[in-house]
Amino acid sequence: MMIRQCPFVLGFIQTSLSKVYARCLTAQAASALQKNETRLRHEEYADIDWNNLGFGLRPTDYMYKSKCTSHNTFQQGQLIDYGNVELSPAAGVLNYGQGLFEGMKAVRGEDGRVLLFRPDQNAIRMQIGAERMCMQSPSVEQFVDAVKQTAIANKRWIPPPGKGSLYIRPLLIGTGPILGLSPAHEYTFLVYASPVGNYFKEGTAPLNLYVHNEFHRTTRGGVGGVKSITNYAPVLKPLLRAKEQGFSDVVYLDSVHKKYIEEVSSCNIFLVKGDVISTPSTIGTILEGITRKSIIDIAQDLGYKVVERLVAIDELMEADEVFTTGTAVTVATVGSITYNGQRVEYKTGDGLLSQRLYKRLVGIQVGKIEDKHNWVVEIN
């Protein structure tokens with residue numbers, strides 16, 4: 001007997017299968033982690049100086065790896081020993097820059113829990129970037145699960161409370177060999193980690209920024225709005241020049257008018273004037289930072305007005321307070337900005353809005369302050 005297919009029934013079946021797949025993925029991941037359990041090292045802490053971490057690479061024990069071919073989903077990944085990756089010299093990432101990365105942190109709360117901050121947002125941002133770069137990407141569920149596995153496997157490298165964090169780097173690259181200009185036919189999803197302290201050498205001291213009008217981070221129609229690996233090499237030259245002159249980092253202007261601020265080399269920027277907080281709007285040339293988004297929500301929760309708009313460099317030079325945000329930097333106070341030979345100094349010390357926002361954000365991230373937005377994910 002033939003049964004006619006009902007659209008409603010088909011939709012119900014598809015939805016049910018999606019839910020079953022998500023449950024199976026989680027179960028498979030848990031099984032994979034259990035299989036690796038005999039390999040995992042169980043020391044509470046690695047033997048390193050937690051008081052002098054800085055933001056440098058320290059190889060940990062394990063990383064996560066998964067592959068997919070063009071037009072297919074990523075296979076179930078697995079934990080492997082941290083180490084080098086073999087690539088074809090014709091790999092898409094080496095020849096045409098087909099690569100994306102994310103950054104997030106796992107921290108220990110004072111109660112011993114290991115916590116992540118909004119990992120689903122990193123997963124979604126990678127998917128958006130992958131679409132722009134014509135790449136296959138892992139599902140949100142697989143991305144988050146891979147991050148959890150990597151953090152748990154490297155738990156002994158997560159610093160004690162208040163000593164830093166485990167910086168986790170999900171990386172999506174075109175590994176398939178390709179000679180003509182075309183998307184790769186194979187992609188690899190990797191997740192590795194390293195314990196880190198403060199991003200800037202100044203630690204928590206105010207930053208001294210330099211505004212560049214010769215070099216630009218990105219242009220309209222480019223990939224400045226996604227976390228492509230190709231966004232970062234262009235800032236190395238101006239950044240090195242600025243550091244040679246004693247500056248912490250560089251503020252970049254738009255490439256069309258050369259008058260509107262966009263980003264710092266690796267973080268978003270905010271200014272405060274009176275009781276209004278302003279930040280450059282994301283119009284394709286600015287990365288939509290997850291810390292940026294969270295700080296906007298926190299500031300609004302505290303009753304501040306936050307405006308996303310075009311911000312001219314002249315306004316920045318006349319601000320009461322300036323700060324930057326990012327996964328690596330969290331919230332960093334700016335002490336001075338130099339532009340066209342003019343140096344402007346800003347408010348520093350106690351009572352700054354940036355300090356209030358920093359304390360609230362970190363308090364949520366480590367479980368000290370109530371998480372009203374359900375941003376924090378516990379992984380143990």
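A pocket here is an open set of grid points with protein on both sides within 12 Å along at least five of seven lines. This is a predicted model.

**Pocket and cavity**

The second largest pocket has a volume of about 880 Å³. Its lining counts 40 residues, with Phe55, Arg169, Tyr199, Ser266 and Ala328 nearest the centre. Elements giving two or more residues to this lining include helix 5 (236-244) and helix 6 (290-301). Strand 7 contributes the most, four residues. By class, the pocket lining has 18 nonpolar, twelve polar and ten charged residues.

There is one cavity of 30 Å³ or more. The largest cavity has a volume of about 120 Å³. It is lined by 17 residues, and Asp254, Glu262, Ile283, Thr285 and Leu310 are the closest to its centre. Eight of the lining residues are nonpolar, five polar and four charged.

**Salt bridges**

The count is twelve salt bridges. Three of them are listed here.

| Pair | N to O distance |
|---|---|
| Asp61 and Arg156 | 2.7 Å |
| Asp320 and Lys273 | 3.8 Å |
| Arg292 and Glu308 | 2.7 Å |

Asp61 sits in the loop between helix 1 and strand 1, and Arg156 in the loop between helix 4 and strand 6, so this pair ties together parts 95 residues apart in sequence. Asp61 is buried at 13% relative accessibility. Arg156 is buried too, at 8%.

Asp320 lies in the loop between helix 7 and strand 14 and Lys273 in strand 11, so their bridge joins parts 47 residues apart in sequence. Asp320 is partly exposed at 26%, and Lys273 is partly exposed at 46%.

Arg292 in helix 6 and Glu308 in strand 13 are 16 residues apart. Arg292 is buried at 4%, whereas Glu308 is partly exposed at 42%. Shared partners also join Asp111, Arg113 and Glu378 into one salt-bridge network.

Technical notes. Residues numbered from 1 in each chain as written. Predicted model: local features only at pLDDT ≥ 70, side-chain atom pairs only at ≥ 80, totals over all residues. Heavy atoms only, no water. 1 Å grid on protein atoms, 1.4 Å probe; cavity = no way out; pocket = protein on both sides within 12 Å on 5 of 7 lines; lining within 4 Å. Points joined across faces, edges and corners; volume = space filled by probe spheres on them. Nonpolar A, V, L, I, M, F, W, Y, C, P; charged D, E, K, R; others polar. Salt bridge = Lys/Arg side-chain N within 4 Å of Asp/Glu carboxyl O. Buried < 20%, exposed > 50% of the residue type's maximum accessible area, 1.4 Å probe, protein only.
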